[in-house]
Amino acid sequence: MTGRFQPVHAQHLDLFALALAEHDHLVVAVTNPDTGARHAAATSAHRHTDDANPFTYFERARLLAAALAGAGLADRATVVPFDLTRPHLWPEYVPRDAVQFVRAYSAWETDKAGRLADGGYGVVVVDGDPAAKLDAATIRAGFRDGSWASLVPPATVPVLRDLLGRRASRA
């Protein structure tokens with residue numbers, strides 16, 4: 001499963017569990033792993049912006065490790081970087097025989113599923129109800145007023161508190 005995970009939340013974990021119900025191992029492929037991988041996309045006006053990408057790859061890997069452990073999935077998952085702008089490198093991070101699971105809420109996810117299929121991956125598109133989508137932007141907005149903690153997996157709360165505290169002390 002690919003995603004920015006800025007930050008990881010319950011709907012990501014739901015999709016992880018769905019993929020693991022059908023497969024033995026999950027590869028969590030973190031997109032926009034570095035600032036050089038961020039590019040504007042016609043189907044998503046924000047995914048390349050600094051505001052939409054507050055956490056580094058390392059920080060997201062920490063959050064994902066906590067979330068996967070908290071959900072009892074850590075022993076069946078591997079977290080890797082995955083630059084969507086460099087498809088020629090994808091097989092170095094995610095085997096070509098991997099099946100990509102994409103929950104489609106918008107044109108962006110449909111576009112991403114098409115890119116992955118064009119890259120040679122099998123793709124399972126799971127329909128998502130846009131009205132029920134937990135938007136990571138809402139979680140990030142909650143960093144300002146403290147409302148974020150109930151919106152993320154409980155196992156990630158201490159890690160996020162640490163990361164947010166470090167940022168506040170540098171500001």
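This is a short tour of the predicted model above, one selection at a time.

Residues are numbered from 1 along each chain as its sequence is written. Because the model is predicted, local features need pLDDT of at least 70 and side-chain atom pairs pLDDT 80 or more, while totals for chains, interfaces and linings use all residues; side-chain values use heavy atoms, without hydrogens or water.

**Whole chain.** Start with a cartoon view. There are six helices and five strands (DSSP runs, numbered from the N terminus: helices are H or I with at least four residues, strands E with at least two). From the N terminus the order is β-α-β-α-β-α-β-α-β-α-α. The radius of gyration, over C-alpha atoms, is 15 Å, close to the 16 Å of the globule rule for 171 residues, so the protein is as compact as a globular protein of that length (the rule is 2.2 Å times the number of residues to the power 0.38). Of the 171 residues, 46% count as buried (under 20% relative accessible area, 1.4 Å probe, protein chains only).

**Strand S2, residues 26-30.** Select it next. Five of its five residues are buried. Leu-26, Val-28 and Val-30 point one way, Val-27 and Ala-29 the other. In a regular strand the side chains alternate between the two faces of the sheet.

**Its neighbours.** Thr-2 has Ala-29 as its bridge partner in S2. The path from S1 through H1 to S2 is a right-handed β-α-β crossover (clockwise from the first strand over the helix to the second, with the strands pointing away from the viewer).

**Helix H2, residues 57-70.** Its 14 residues should span 20 Å at 1.5 Å a residue, and the end C-alpha atoms are 20 Å apart, which agrees (the expected span is 1.5 Å times one less than the number of residues). The buried residues include Leu-63, Leu-64 and Leu-68. Among the elements covering the buried residues are H1, S2, S3 and H6. Gly-72 follows H2, with a positive phi near 75°.

**Cores.** The largest nonpolar core has 30 residues (buried Ala, Val, Leu, Ile, Met, Phe, Trp, Tyr and Cys joined through side-chain atoms within 4.5 Å). Phe-16 and Trp-148 are among those touching the most other members. H1, S2, H2 and H6 each give two or more residues. Finish at a second, separate core of 13 residues, including Val-80 and Tyr-121.

Definitions and conventions. Buried < 20%, exposed > 50% of the residue type's maximum accessible area, 1.4 Å probe, protein only. Contact = heavy atoms within 4.5 Å. Pairing = 2+ DSSP bridges.
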